[in-house]
Amino acid sequence: MVKTDLKLKAQVCCALVLFLLLSLLPAASAAGKPGIKAPAGMTALPLKLPKPMFVGTPQNIKGVKQLEKPLGKPRPPFFAPKGVKNLALGKKISGSDEEPIMGELKMITDGDREAADGSYVELGPFTQQITIDLEAEHDIYAMLFWHYHKQARVYFDVIVQVSNDPEFKKSTTVYNNDHDNSAEQGVGKDNHYVETSEGRLLDTKGVRGRYVRLYSGGNNASDLNHYIEVEVYGK
Ligand SMILES: [Ca+2]
Ligand SMILES: [Ca+2]
C-alpha cells in the first residue's frame, strides 16, 4: 500500500514538474529570440551585424567603474514603428576632427560595419565629437553604433545628442556616460560598456531632430577615438 502511494506521489510530482517546465518554455524562448511577434504597427529593426572578432567575456578590462555586464546571449529584437529605416546611411558628417588620423569621416555612414583595418576611422585624442546631418527633421526611434570591435574596449564619455540646431545650442541627450562632466555636456548616469560586434543600441523613444551628435573621450587602451559606423533609425 505504502509503495503504491509513493509511486503515485512520484508520478503526480513528475507531471507537475513537466507541466511547469512546458508552461515556462515558450516565455523563456520568446524573450530572446527573433521570430517573436511584434506589437501592432511595429516591426523588428532589420539590423545587419558584422563578423564578431572575439567571443566570450573579455578579461582585459580593469578599473572601469560602472561597467555593464555583457548580456551573454544575442540581443533581443528591437521593435520600432513600421517604415523605420537607417536615415544616416550616406549622410554628411562633420566633427571636431575633420582630418582623422586614419580614414575619413564619410566612412562612418558608408554601411561598412566590419572591424578590420581600413573599416574604422581614427580621430584625435581626448574629447571629440561627430555630427550627422539627416537633412530633415525626423522621429528617431533607435541608434546603433560601433566605435571599434576588433578587440574588447570601453570608450569613455560616450554622449549622444539630438537637435534641430546645427550648433546644438538646444539639444536632447539620449545617452551620457560621462560621470565627471569632463566633456562639459553635463553629468551622465549611463553605463560604461564593452564594444562588441553587436554595437551599442539606444532606445531613443521617437525623439525628433535633424542632427545627431556623438561624443567620446578616448578608450581604455588609448586616448584616441574611433568610429566604424553609426546608424540612426527613424522616419
Ligand atoms: Ca563604416
Ligand atoms: Ca569623463
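**Figure 1. Strand E6 and its antiparallel partner E11.** Strands E6 and E11 run antiparallel and are joined by six bridges. Within this pairing, Leu144 stands opposite Glu231 of E11. The model shown here and in the following views is predicted.

**Figure 2. Strand E6 and its pairing with E9.** E6 also pairs with E9 in the antiparallel sense, here over 14 bridges. Thr131 has Arg213 of E9 as its bridge partner.

**Figure 3. Strand E6 and its pairing with E4.** Strand E4, residues 93–95, runs antiparallel to E6, and three bridges join the two. One partner pair in this view is formed by Gly95 and Ile130, the latter lying in E6.

**Figure 4. The largest nonpolar core of the chain.** This core holds 44 residues, of which Ile132, Met143, Val230 and Val232 touch the most other members. The greatest contribution is that of E6, which gives nine residues.

**Figure 5. The surroundings of Ile132.** Residues up to four places away in sequence are not counted in this view. Ile132 touches Ala88, Lys91, Ile93 and Thr109, and also Tyr211, Val212, Val230 and Val232. Two of these, Val230 and Val232, are named with Ile132 among the residues that touch the most other members of the largest nonpolar core.

**Figure 6. Pro50 in the loop between E1 and E2.** Pro50 is placed in the loop that lies between strand E1 (42–44) and strand E2 (79–81). Pro50 counts as partly exposed because 19 C-beta neighbours lie inside 10 Å, whereas a buried residue requires 20 or more. When neighbours within four places in sequence are left aside, Pro50 is in contact with Arg113, Glu114, Ala115 and Ser197. The C-alpha atoms of Pro50 and Glu198 are 7.5 Å apart in space, although the two residues are 148 residues apart in sequence.

**Figure 7. The chain as the setting of the close-up views.** The secondary structure comprises one helix and 11 strands, and the pattern read along the sequence is α-β-β-β-β-β-β-β-β-β-β-β. The chain has 235 residues, of which 32% are buried. Among contacts with a separation of 6 or more, 77% are between residues 24 or more positions apart.

Definitions and conventions: Residues are numbered from 1 along each chain as its sequence is written. Chains are lettered from A and ligands numbered from 1 in the order in which they are written. This is a predicted model: local features need pLDDT of at least 70, side-chain atom pairs count only at pLDDT 80 or more; totals for chains, interfaces and linings use all residues. A nonpolar core is a set of buried Ala, Val, Leu, Ile, Met, Phe, Trp, Tyr and Cys residues joined through C-beta atoms within 7 Å. A residue is buried if 20 or more other C-beta atoms lie within 10 Å of its own, exposed if 12 or fewer, and partly exposed in between; C-beta atoms are placed from the backbone. Helices (H or I, at least four residues) and strands (E, at least two) are DSSP runs, numbered from the N terminus. Two residues are in contact if their C-beta atoms, placed from the backbone, lie within 7 Å. Two strands pair if DSSP finds at least two bridges between them.
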